[in-house]
Amino acid sequence: MFAALALTGLLAGCSVAQAHEASTVALFLDRDPSSISPEILAEMRLEIARLFSPAGLNFVWRTMDSRIYGETYPQIVVVRIKGGCRVEGVDLLLAKRWLPGGKPLGSAFVEEGRVLPFAQVDCNRVLLCLRAELFGQEQQMRDRIYGRGLARVLAHELYHILLGTEEHARTGVAKSTHTGQDLACESFTFESEQIEQLRAVGQALLAVAPGEQAAGENAEKRPAGAKAALID
Ligand SMILES: [Zn+2]
């Protein structure tokens with residue numbers, strides 16, 4: 001049984017059987033990625049790579065449905081991307097009506113003081129946070145900004161998970177609150193202190209024997225129900 005207490009969730013500052021390189025982190029999407037615009041997903045992948053490459057961490061993206069028996073990685077995180085991850089003009093007009101403010105853009109989970117390898121990103125809330133930045137943009141740029149913003153929210157939760165911490169930084173991706181501008185601007189990064197901490201994680205993963213963590217393990221650990229503790 002899952003008996004965690006909710007952990008951390010990132011709040012919006014706006015109104016609302018393979019062996020892989022040891023420094024590789026596998027992100028397993030737990031829902032059908034076809035529900036996410038391919039352009040947005042591609043932008044997410046680019047931004048995650050950009051944010052973590054200074055720390056020497058690489059990411060592979062997989063789906064739970066396509067995992068292979070015996071498939072292993074040094075570190076696995078299960079990622080749930082909630083909501084309709086597309087952006088059309090009408091979505092921007094209606095976004096304000098969908099959701100009350102004050103809810104997290106993304107969450108990680110803590111059980112008995114341990115941050116679990118499970119990240120959640122709420123597409124609808126990120127869209128609401130980015131509404132002003134998306135208005136008036138061409139579709140291609142909307143996808144780019146939205147995908148980048150979703151990636152930054154996911155990166156924040158990955159920071160909690162990889163470092164096993166509920167702490168926040170004062171600035172950068174690891175700070176406790178992100179504004180729409182933070183999520184949309186051209187350059188938003190981890191601060192050097194967090195990069196060094198993440199680099200140490202990558203170095204520790206180098207000591208993990210290939211095949212240390214099987215792809216199916218984390219699926220059984222993912223939080224379900226009200227007992228899970230959230231962190232933003
Ligand atoms: Zn946080």
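This is a predicted model: local features need pLDDT of at least 70, side-chain atom pairs count only at pLDDT 80 or more; totals for chains, interfaces and linings use all residues.
**α5 against α7.** Residues are numbered from 1 along each chain as its sequence is written, and side-chain values use heavy atoms, with hydrogens and water left out.

I read an angle of about 50° between α5 and helix α7 (residues 192-206), with the axes 10 Å apart. Axes are lines fitted to C-alpha atoms, for helices over the stretch in contact, and angles run from 0 to 180 degrees between N-to-C directions. Helices (H or I, at least four residues) and strands (E, at least two) are DSSP runs, numbered from the N terminus. The pair is therefore oblique (under 35 degrees is roughly parallel, over 145 roughly antiparallel, 65 to 115 roughly perpendicular, the rest oblique).

For contacts (heavy atoms within 4.5 Å), I noted Y159, L162 and L163 in α5 meeting Q194, Q197, L198 and V201 in α7. By class that is 5 nonpolar, 2 polar and no charged residues. Nonpolar covers Ala, Val, Leu, Ile, Met, Phe, Trp, Tyr, Cys and Pro, charged covers Asp, Glu, Lys and Arg, and the others, Gly among them, are polar.

**α1 against α5.** The axes of helix α1 (residues 38-52) and helix α5 (residues 139-163) come within 7 Å and cross at roughly 45°. That makes α1 oblique to α5. I logged this crossing as right-handed. The contact residues divide into 12 nonpolar, 1 polar and 8 charged. On the α1 side I found, among them, E39, E43, E47 and R50, and on the α5 side D143, R144, R148 and R152 are included.

**β2 and β3.** Strand β2 (residues 24-29) pairs with strand β3 (residues 58-63) in the parallel sense over 6 bridges (pairing takes at least two DSSP bridges). The chain goes from β2 through α1 to β3 in a right-handed β-α-β crossover (clockwise from the first strand over the helix to the second, with the strands pointing away from the viewer).

Conventions: A crossing is left-handed if the near helix is turned anticlockwise from the far one by less than a right angle, and right-handed if clockwise.
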